[in-house]
Amino acid sequence: MRKILFILLPTFLLVGCKSREEKVAELIKQEMFKTLYDFESYEPVETKIDSAFTSIYTDSVIKSYAYIARSFLDDVQEGLDKVKDAQRTAEIWRDSYSSYGRGKYEEAYNEMREHLDEVKSKMSIVNGYTDSIRNASVGFKPEFCGWRVKHRFRCKTKGGNFD
């Protein structure tokens with residue numbers, strides 16, 4: 001019984017240990033089986049395996065700062081549109097001599113100033129987040145996160161042509 005175990009154990013270890021390339025090829029083949037129209041015509045051409053590292057574009061802290069800054073920038077853009085509208089209204093009523101026209105001008109001018117102050121305060125928030133992004137990206141160190149595979153292949157399309 002022990003002899004059989006000593007023979008079977010290395011066999012299982014050798015069969016169970018696949019190289020990185022074999023694992024990648026198997027995963028690619030499974031994915032191609034799911035997505036290709038004519039899997040029988042699938043022919044791998046080239047597969048390149050490389051190390052994958054994190055970047056500032058995948059860092060969760062930097063992404064959250066960027067998301068918040070982007071939402072404030074959208075608010076800034078809306079505020080600037082409101083400033084332009086109020087400015088146009090003020091331009092229309094600026095040369096009016098009636099008390100109604102002067103009132104409309106003052107109302108539009110005050111509205112423009114309010115929106116401009118709001119835009120300035122939101123831009124200071126955006127600047128704070130961009131500084132935080134800059135500081136976080138300066139101290140960022142890429143870390144290994146897995147493998148990146150570039151795979152080229154040929155297969156038949158629905159029309160029967162190889163592509």
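Select Y109 to begin: this residue is partly exposed, because its relative accessible area is 34%, a value between the limits for buried (under 20%) and exposed (over 50%), computed with a 1.4 Å probe and protein chains only. The model is predicted; local features need pLDDT of at least 70, side-chain atom pairs count only at pLDDT 80 or more, and totals for chains, interfaces and linings use all residues. Residues are numbered from 1 along each chain as its sequence is written, and side-chain values use heavy atoms, with hydrogens and water left out.

Y109 lies in helix 4 (residues 99-138); helices are DSSP runs of H or I with at least four residues, strands are runs of E with at least two, and both are numbered from the N terminus.

Remain on helix 4 and select K122. K122 counts as buried, because its relative accessibility is 19%. Beyond neighbours within four places in sequence, K122 contacts F72, D75 and V76, where contact means heavy atoms within 4.5 Å.

Next, display V24, I28, M32, L36, Y42 and C155, the six residues of the largest nonpolar core, a set of buried Ala, Val, Leu, Ile, Met, Phe, Trp, Tyr and Cys residues joined through side-chain atoms within 4.5 Å. Helix 2 (residues 20-35) gives the most to this core, with three residues. Centre on V24, which touches T47, I49 and V149, residues up to four places away in sequence not being counted.

Finally, select W147 in strand 2 (residues 144-156). W147 is partly exposed, since its relative accessible area is 44%.
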